[in-house]
Amino acid sequence: MRILIVEDNRRLGESLRDILKSARYESDISGDGREGYERLMSGLYDGVLLDVMLPGMDGITLLKEARKRGCSTPVLMLTAKSETEDRVEGLESGADYYLTKPFDAGELLAALCGQASNAGDRLRRRPPRRRRPRPGGWT
């Protein structure tokens, strides 16, 4: 699984990458909201760890824009903003999970694992593609 980390604190981004690596996740770090948005929209990632307070474009705006454009990649918001209103805003903007800093690495990995299995469930629940007969029959 490949995870995009959108975090402007370089040291924290590298720590997150190390945590993910220990759980055999591949990851890339983006330190700015605009770059994070472009990378998210590339379709290369299975999940995103997204900070709220970012230069270039804040995480809430990034996520709203991505969801508006049809991006369904699971997003875990990881932020210092811990007020109930902040969590509600993050979830209403399209986050699948909201984790506040400081965080527990075990909870972070469990949330990612849950997001991955939920994404897999969504994929498995899609109706099967209907096969169309070729001219001349089903050969």
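Begin by selecting Arg 2, which stands opposite Glu 26 in strand E2. The model on display is a predicted one. Arg 2 belongs to strand E1 (2-6), and E1 runs parallel to E2, the two being joined by five bridges.

Now colour the whole of E1. Four of its five residues are buried, so this strand is largely enclosed by the rest of the structure. On moving to Ile 3, one finds Gly 47 of E3 standing opposite. The pairing of E1 with E3 is again parallel and extends over four bridges.

Next, display every strand together. Five strands form an open sheet in the order E2-E1-E3-E4-E5, with parallel pairing. At the edges stand E2 (26-30) and E5 (97-100); each has a single partner strand, so one side of each is left without a neighbour in the sheet. Between neighbouring strands the average turn is 20 degrees, direction ignored.

The protein chain holds five helices and five strands, and along the sequence they follow the pattern β-α-β-α-β-α-β-α-β-α. Of its 139 residues, 38% count as buried. Among contacts with a separation of 6 or more, 60% are between residues 24 or more positions apart.

Which residues of the largest nonpolar core touch the most other members? Select Val 6, Leu 40, Val 48, Leu 50, Leu 62 and Met 77, from a core of 19 residues in total. Two or more residues of this core come from each of strand E1 (2-6), helix H2 (33-41), strand E3 (47-50), helix H3 (59-68) and strand E4 (75-79). The greatest contribution is that of H3, with four residues. Apart from this core lies another, of 14 residues, which includes Leu 12, Leu 20, Tyr 25 and Leu 49.

Centre the view on Val 48 and show its surroundings. Leaving aside residues up to four places away in sequence, Val 48 touches Ile 3, Leu 4, Val 6, Leu 40, Thr 73, Pro 74, Val 75 and Leu 76.

Proceed to H3 and select Gly 59, Ile 60, Leu 62, Leu 63 and Ala 66, the buried residues of this helix. An α-helix has 3.6 residues a turn, so residues three or four places apart point the same way. The cover over the buried residues of H3 includes E1, H2, E3, E4 and H4.

The last stop is Asp 51, in the loop between E3 and H3. Is Asp 51 buried or exposed? Its relative accessibility is 4%, and Asp 51 therefore counts as buried, the limit being under 20%. Display its contacts to see what surrounds it: beyond residues up to four places away in sequence, Asp 51 touches Val 6, Glu 7, Asp 8, Gly 59, Leu 78, Thr 79 and Lys 101. Val 6 is also a member of the largest nonpolar core.

How values were computed: Residues numbered from 1 in each chain as written. Predicted model: local features only at pLDDT ≥ 70, side-chain atom pairs only at ≥ 80, totals over all residues. Heavy atoms only, no water. Core = buried A, V, L, I, M, F, W, Y, C linked by side-chain atoms within 4.5 Å. Buried < 20%, exposed > 50% of the residue type's maximum accessible area, 1.4 Å probe, protein only. Contact = heavy atoms within 4.5 Å. Pairing = 2+ DSSP bridges. Axes fitted to C-alpha atoms, helices over the stretch in contact; angles between N-to-C directions.
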